[in-house]
Amino acid sequence: MSAITTPFGFASTASEVMSGIDLTGRRAVVTGASSGIGAETARALAATGAAVTLAVRDMVAGERVAKDITGSTGNQDVRAVHLDLTDPVSITAFTTAWQGPLHVLVNNAGVMACPEQYTEQGWEWQFATNHLGHFALATGLYGALAADGNARVVVVSSTGHQQSPVVWDDVNFAFRPYDPWLAYGQSKTANVLFAVEATRRWAADNITANALMPGAIYTNLQRHTGGRGSGRVPAELIKTVEQGAATSALLATSPLLEGVGGRYFVDCNETEVVDRRSGTLHGVARYAVAPAGARRLWDLSQDLLAGAA
């Protein structure tokens with residue numbers, strides 16, 4: 001299976017990779033689209049003519065961004081809808097209210113290196129937000145994705161996944177001392193594993209899912225780290241928000257990704273599988289794309305959600 005390469009790279013922007021793409025009549029959902037690369041991904045999708053739903057926790061910010069996107073693109077079919085990924089009731093309300101097919105789902109929302117915190121169900125906050133909430137959202141929208149006949153799921157992960165595999169016997173840090181970066185890494189590994197298994201399970205419905213590292217971008221994601229992420233990324237590798245949204249935009253719309261799923265991309269190209277921490281922003285850990293791990297995560301996620309019902 002050869003790696004996917006494209007004409008785009010580190011400096012490409014979302015609008016550049018979507019140039020010439022027409023999604024008129026198609027529908028997209030972008031989580032966490034009230035700021036940062038989520039807002040920019042939504043803007044780029046709206047510019048192609050897609051009907052875009054901004055799934056956001058902060059409705060004031062979401063409605064402001066929706067209005068701004070409409071103003072900059074001329075697309076009147078942009079709206080904000082409330083979604084709290086840590087609340088199963090909120091997710092169910094969103095998915096049951098959705099009517100008709102869905103062409104693109106961008107699982108973009110996330111938290112990074114936050115202080116120790118747990119949901120009402122006892123789920124560790126980063127695992128709940130970054131993975132479990134998105135898992136519930138995607139599976140809840142499965143019928144809408146299948147109805148499209150050629151839907152794509154885009155999963156925003158991170159090189160941070162190389163910090164930790166999923167620790168199967170202790171995903172909620174019940175026995176380990178809590179570490180914000182290990183928790184973040186575990187949740188980002190789960191993002192990649194979800195894309196692998198969703199592609200396998202939903203192949204008959206022509207649904208594909210791919211994961212990505214957007215790059216190092218200064219956004220609200222860094223609010224728990226002093227605004228500068230890990231602080232270890234050289235200045236020349238910091239992207240603008242427009243550049244940071246490019247890989248998401250590519251996976252959501254490019255004809256080069258037709259029928260391609262279960263893979264991991266950096267800088268608009270598929271990256272290599274690695275067996276130790278790469279020391280760069282490239283590379284996907286072998287454990288993050290292991291089919292057996294992907295199946296195990298799916299079963300674990302279903303069991304956790306069933307226990308909360």
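1. Helices here are DSSP runs of H or I with at least four residues, strands are runs of E with at least two, and both are numbered from the N terminus.

2. This is a predicted model, in which local features need pLDDT of at least 70 and side-chain atom pairs count only at pLDDT 80 or more, while totals for chains, interfaces and linings use all residues. Residues are numbered from 1 along each chain as its sequence is written, and side-chain values use heavy atoms, with hydrogens and water left out.

3. The buried residues of H10 are Gly 293, Ala 294, Leu 297, Trp 298, Leu 300, Ser 301 and Leu 304, where buried means under 20% relative accessible area, exposed over 50%, and partly exposed in between, with a 1.4 Å probe and protein chains only. Among the elements that cover these buried residues are helix H5 (125-140) and helix H7 (180-201), a contact being heavy atoms within 4.5 Å.

4. For the protein chain as a whole, there are ten helices and twelve strands, and the C-alpha trace spans about 50 × 45 × 40 Å along its principal axes. A compact globule of 309 residues would have a radius of gyration near 19 Å, and the 18 Å of the protein chain agrees with this; the radius is taken over C-alpha atoms, and the globule rule is 2.2 Å times the number of residues to the power 0.38.

5. Buried residues make up 54% of the 309 residues in the protein chain. Among contacts between residues at least 6 apart in sequence, 76% join residues at least 24 apart.

6. Helix H2 (residues 36-47) has twelve residues, which at 1.5 Å a residue should span 16 Å, and the 17 Å between its end C-alpha atoms agrees. Nine of the twelve residues of H2 are buried, so this helix is largely enclosed by the rest of the structure; among them are Ile 37, Gly 38, Glu 40, Thr 41 and Leu 45. After H2 comes Gly 49, with a positive phi near 100°.

7. Asn 108 sits in the loop between strand S4 (104-107) and H5, and it counts as buried because its relative accessible area is 10%. Leaving aside residues up to four places away in sequence, Asn 108 touches Val 30, Thr 31, Gly 32, Ile 37, Gly 38, His 134 and Val 156.

8. Two backbone angles deserve a look, and as background, most residues other than glycine have a negative phi. Phe 173 is not a glycine, yet has a positive phi of about 55°; this residue is found in the loop between strand S5 (152-156) and H7, and it counts as buried because its relative accessibility is 4%. Asn 206, also a residue other than glycine, has a positive phi near 60° and lies in the loop between H7 and strand S6 (208-213), where its 45% relative accessibility means that it counts as partly exposed.

Note on methods: Expected span 1.5 Å × (residues − 1).
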